[in-house]
Amino acid sequence: MISHFHTTCLAAVLAPAVCIVAPCSAAPAKTKVKVPAAAAVVRRVTPQFADSVIFSLNKKVKEPTIAAKGEKLHITAPNVRECVRAYGYYLRNVAHVHFSQNGDNASVAKLVLPKETLTVPATHKFNYAYNYCTLSYTGAHWNQTRWERELDMLALSGYYAVLVTPGLESVWKGFLSDLGYPKERIESFIANPAYSAWWHMGNLEGEGGPVHRDIIAQETKLGKFIVKRLLELGMEPVLQGYVGFLPSGSDAGKIGGKLIPQGKWCHQYERPDILQPTDPIFGKIAAIWYRNLKSVYGYQGKYFGGDLFHEGGKQGGTPLKEAAEAVQAAMQKAAPGSCWLIQAWGHNPSPQLLSGTHPDQTIILALDKNMSAGHDISRNYRGRPHVWCELANFGGNHGLYGGIPLLENMPSDIGGAIGIGLLSEGLEVNPLYYAMVTERINSNGPINRAGFLSAYAKGRYGTDDADIIQALELLVTSVYSPVRLQEGCQENIMCARPSLTARKASTWSKPNNYYNFQDVRRAAALMLAAGKRLRLDTLPTWRYDMADLCRQVLADTAREQLPKCKAAFDAKDKAAFERESKAYLQLIEQTAEVLATSEYFLLGRYLKEAEGKAGKNKEAQAQMSKALKQLFTTWVPKSGTTLNDYAHRQLSELMTYYYLPRWKAYFNARTQELSGQAAAGESGRSAEESNSNNGEAVSTSHELSASVDAIETGFASSDTPLLTEPTGNIIELAEKILKP
């Protein structure tokens with residue numbers, strides 16, 4: 001059944017030469033979008049083409065066209081957003097210009113004029129970018145330069161709406177100040193950018209703070225820039241709507257409404273309270289929020305995010321239908337015709353809450369973590385339109401992973417969805433998979449694998465050499481073809497809290513092997529052979545991919561090596577245990593060396609950029625650095641919780657100064673045990689903790705170890721030696737690792 005949303009509102013998304021008229025009956029914007037915004041993208045991403053690309057607007061054109069006229073490239077489209085998307089299509093498919101979050105070849109690209117007019121396939125009406133988590137796990141360190149490139153990439157790929165959270169710190173300051181909260185309570189409520197995702201979802205407050213004023217100023221400036229640039233490109237920012245969050249322990253008497261305490265999230269963090277949306281005061285409080293939102297961003301907004309009772313929140317007897325009606329009524333009063341974007345995750349949104357939403361003013365973001373081919377991707381949200389959202393990464397973990405066959409054969413109607421969403425919790429990984437996501441957005445019907453891999457190789461490496469294509473084929477049919485539902489990649493056990501029975505690093509992931517390790521090793525060998533023969537080591541894209549492949553080979557080898565350590569320990573063979581544990585530690589050392597060869601695997605790069613968000617203030621820089629290091633390791637200020645290593649990263653310095661010392665301390669304790677000595681605080685007993693993940697019962701276990709605890713809790717504040725520039729020779733390292 002085609003809803004009213006599809007037949008009338010979405011048609012306006014492709015309106016010509018004006019700020020995109022939002023679905024959900026939003027009023028048209030008055031300011032015209034000028035084609036120079038598209039020309040500006042060309043200047044930024046391919047400056048050598050700046051004088052050779054001409055854009056024309058024609059509202060009668062349903063699908064953009066690309067043609068050569070003389071020595072110029074002419075792109076005709078109905079609006080600026082489609083102009084930029086068409087240019088992205090040209091770059092990928094004609095000029096073979098490759099962009100990714102892990103390198104590109106744009107600086108050496110040559111203008112190629114098409115021999116005949118090309119028609120760009122229509123895309124879906126509402127392609128959406130970002131999970132809240134993405135903007136902390138991946139975006140916490142992004143500055144304006146990085147965001148500018150990111151927005152250009154999103155526009156070139158065909159996205160329409162983008163979640164924006166930088167700047168909400170100032171919105172909250174103004175909002176809570178207007179409500180009469182004291183300065184100290186406001187400061188203790190605001191979370192560091194590394195943790196702001198869960199603050200915005202109502203899971204915690206104040207972590208990584210009190211946030212330095214220089215950081216807040218930089219985030220506010222950044223948020224304003226993002227919103228302004230999105231509008232220039234004919235795209236829409238998704239801003240934070242008001243669903244009732246207030247600082248925990250708020251005085252209901254002073255607020256004048258009913259507050260629902262939310263308890264703890266993941267047994268660790270006190271959640272913000274929720275002002276019951278059905279309370280008569282809710283509309284007045286929400287109006288104050290939207291007033292501050294507009295004041296900070298200079299834009300009222302057409303799309304608003306915000307989830308009620310996310311991941312186990314307490315409803316406190318709230319009538320959900322009426323609550324949804326109240327939340328949406330406040331949005332409509334602030335921004336008539338706006339849409340509420342609700343994340344479908346776990347048990348949310350419930351049928352009761354959905355029933356209170358207006359079908360033409362609601363979009364459901366249907367998060368799908370099942371990357372296996374063939375599963376049913378269709379959804380039914382009681383007539384509310386939905387976006388199918390890939391969720392291939394959790395926490396920003398490194399590991400080859402993604403559902404490429406799933407995307408290749410996805411039906412053209414995406415299971416009844418109105419668009420595709422980029423909702424991975426962490427990005428800056430797996431460029432092959434995310435290139436396939438872009439291909440899916442810009443294709444109708446099944447994707448030809450051979451054609452895609454050839455175009456991808458030409459763009460990323462400048463050649464579709466047979467060895468490279470065979471390597472990519474091996475990866476697609478093995479590690480990029482998961483066979484079951486699982487939460488992200490098969491994790492590297494070198495990043496796990498040490499145990500002789502370690503099979504995964506984080507609490508909620510699946511430990512089962514699903515691919516042949518030898519396929520990845522063979523792919524790495526083929527990629528190495530091509531790199532040596534064609535001198536591809538000059539390309540940052542090839543160096544990253546070669547390092548990534550070697551990293552995966554070493555991670556797979558560790559899964560085979562650790563059982564040898566356990567067998568020696570169980571046999572009480574001290575000499576064998578020392579030999580096997582030494583071999584295991586060498587795998588960690590090799591991994592650190594491999595990762596050091598690519599700038600994209602350096603902790604120093606992350607921290608340098610994060611510190612840059614604090615301006616020149618040393619205190620603020622240290623605050624950003626500490627928060628990010630904590631997030632990547634223990635997650636919370638203490639060790640051994642269910643969140644431990646959830647956001648683990650395989651970065652060179654982490655391997656050297658965090659994972660390696662943990663395993664050394666652990667193996668030393670076990671060696672002492674074999675010698676008949678009991679190390680203090682090293683009981684060897686297993687600590688169990690039960691938890692749940694949106695209804696899925698899980699448990700985590702780790703061996704009690706005072707020495708490992710000390711390494712974990714001290715790392716975030718430690719003065720770790722850092723790399724900001726790559727070092728080492730990936731070809732020499734790969735030859736040693738892949739030696740038969």
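**Ground rules.** I am working on a predicted model, where local features need pLDDT of at least 70, side-chain atom pairs count only at pLDDT 80 or more, and totals for chains, interfaces and linings use all residues. Residues are numbered from 1 along each chain as its sequence is written, and side-chain values use heavy atoms, with hydrogens and water left out.

**Entry 1: cis peptide bonds.** Most peptide bonds are trans. I looked up the exceptions. The bond from Gly209 to Pro210 is cis, with omega near -5°. Pro210 sits in the loop between α8 (196–200) and α9 (213–232). I took helices as DSSP runs of H or I with at least four residues and strands as runs of E with at least two, numbered from the N terminus. Asn348 and Pro349 are also joined by a cis bond, omega about -10°. Pro349 lies in the loop between β14 (339–344) and α13 (351–355).

**Entry 2: positive phi.** Most residues other than glycine have a negative phi. I checked Ile414 and found phi near 45°. Its place is the loop between α14 (404–408) and β17 (420–422). Is Ile414 buried or exposed? Ile414 is buried, at 1% relative accessible area. For burial I used under 20% relative accessible area, with exposed over 50% and partly exposed in between (1.4 Å probe, protein chains only). Asn430 has a positive phi too, near 45°. I placed Asn430 in the loop between β17 and α15 (431–441). Asn430 is buried, at 3% relative accessibility.

**Entry 3: α19 against α25.** I took helix α19 (residues 540–570) and helix α25 (residues 730–737). They pack at an angle of about 25°, with axes 10 Å apart. Axes are lines fitted to C-alpha atoms over the stretch in contact, and angles run from 0 to 180 degrees between N-to-C directions. The two helices are therefore roughly parallel (angles under 35 degrees). Which residues of α19 meet α25? I listed Trp542, Arg543, Met546, Ala547, Cys550, Val553 and Leu554, facing Ile730, Ile731, Ala734 and Ile737. Contact here is heavy atoms within 4.5 Å. The contact residues divide into 10 nonpolar, no polar and one charged. Ala, Val, Leu, Ile, Met, Phe, Trp, Tyr, Cys and Pro count as nonpolar, Asp, Glu, Lys and Arg as charged, the others, Gly among them, as polar.

**Entry 4: cysteines.** I counted zero disulfides, a disulfide being a pair of cysteine sulfur atoms within 2.5 Å. The Cys389 sulfur is 13 Å from the closest cysteine sulfur, in Cys133, too far for a bond. Cys389 is buried at 0% relative accessible area. Cys83 is buried, at 0%.

How values were computed
Parallel < 35°, antiparallel > 145°, perpendicular 65-115°, else oblique.
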